[in-house]
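Colleague: I am new to this one. Please put it on screen and take me through it.

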Amino acid sequence: MDPTVAARAEAIAARAERELEALVAVSSPSGHLDGAEEAIAICTALLPPEAQTERVRCSTPGGAPDLIARVLGGGERRLLLLGHLDTVISHDAHAPLRRESERLYGTGAVDMKGGVVLALGVARTLAAEPARFGELALLLVTDEEWRTAEFAHVPLFAGYDGCICFEAGERTADGDDAVVVRRKAAGTLRLDARGRAAHSGSAPDQGTNALLALARAATALAALHDPGGPDRLSVVPTVIRSGEALNVVPASGELVLDMRADRLEAFEPVLAAVPAQVDGATLQSTMERRWPGMDSSRATESLLAGAAGRLGRPIVGASRGGASDASHFAASIPLTLDGLGPRGGGAHTPDEYVLTASLRERAEVALAVAHAILSE
């Protein structure tokens, strides 16, 4: 391993656990302004002193402004470090960091406050060597977990040479370090049903059951699920709500489906398959979210080889089904890589954790990748 990478990664890891403890202590579910502001205040305190910060409007209306930190250097190439501070766990289920054996448990630990801590460490390390870059930027957003609006920040980083996102890291089946070079497109489809209410005991057949209409629509659309097909399309009903009383035929309701595929266009047949009516109930469909996919496997092939040389062990490009803000930048910044964060598990659950040893290991990977981008 490059001795510089080894030493700098060790320095990042020496601080990472305490920094993660401070950040996880803040409950910051998507949409909560006070939690977002407190998390941003912590991150601002951990930035390199040379950084100039600004708050920019969140892509989601009403969300806490996002944070951009920039450091100007004496080189030529420009690098973006990317992450998010919001979590999916509500305040009443929030858990501070706790240490058990080789794991650090806590809300948002791996998705993705552990990654944010590593991004901050990489930013401090690179800022100390300004001759390596022309501009170093860190973008931390507050709405990644629930955003349905169009992502607003891509034009701000036009012409950048590289983007590395710090979602959770992973290893291959052979134990090699992996980074994400391919992600599926993501879509959220919402169906609203309108039927007719009636007394479910004395006049059940006078009603039009919106719940049954949604259930039948869910079954029909789920039949289009084809993860082994050419577009690797997944169609998964995730939420259904209907009914207000135990003795009334439901007159309205909603169904939400989560869809993933290699191409956004693969969602169109699902949308077209939504029936206008089911047993007299009318259905109206809305695509609430369209996130692009990413495929930087070819563009980053030589980059990963160079980074592996610095690291002294292989770095493998991997595919992942989950959505990420990295996908928004991949079309305009070809050298876009994701999954640079620490390894762990239990994302979006009360048992979320980071593997302690991976804080150093993934800091090594991130620094090797960053140095390779800036040396291209």
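Some questions and answers on helices, cores and strands follow.

Modeller: This is a predicted model, where local features need pLDDT of at least 70, side-chain atom pairs count only at pLDDT 80 or more, and totals for chains, interfaces and linings use all residues. Residues are numbered from 1 along each chain as its sequence is written, and side-chain values use heavy atoms, with hydrogens and water left out.

Colleague: Where does helix 1 bend?

Modeller: Helices (H or I, at least four residues) and strands (E, at least two) are DSSP runs, numbered from the N terminus. Helix 1 covers residues 3-24 and reaches 31 Å from its first C-alpha to its last. The bend is the angle between axes fitted to the seven residues ending at a residue and the seven starting there. For helix 1 that angle is about 40°, and the place is Ala16.

Colleague: Which elements do the buried residues of helix 1 pack against?

Modeller: Buried means under 20% relative accessible area, exposed over 50%, partly exposed in between (1.4 Å probe, protein chains only). Among the buried residues of helix 1 are Val5, Ile12 and Leu20. The buried residues pack against helix 2, strand 5, helix 3, strand 19 and helix 8.

Colleague: Which residues have the most contacts inside the largest nonpolar core?

Modeller: A nonpolar core is a set of buried Ala, Val, Leu, Ile, Met, Phe, Trp, Tyr and Cys residues joined through side-chain atoms within 4.5 Å. The largest has 65 residues. Helix 3 gives the most to this core, with 12 residues. The residues with the most contacts inside the core are Ile164 and Phe166.

Colleague: How many residues are in the second core?

Modeller: This core is separate, and its members include Leu191, Ala210, Ala261 and Val270. The count is 24 residues.

Colleague: Over how many bridges do strand 10 and strand 12 pair?

Modeller: Nine of the 10 residues of strand 12 are buried, so this strand is largely enclosed by the rest of the structure. Two strands pair if DSSP finds at least two bridges between them. Leu189 has Leu257 in strand 12 as its bridge partner. Strand 10 and strand 12 run antiparallel, and their bridges number 10.

Colleague: Is Asp192 buried, exposed or partly exposed?

Modeller: Asp192 lies in strand 10. Its contacts (heavy atoms within 4.5 Å) include Gly253 and Thr282. The relative accessibility of Asp192 is 24%, so the residue counts as partly exposed.

How values were computed: Expected span 1.5 Å × (residues − 1). Lists of a residue's contacts leave out its neighbours within four places in sequence.
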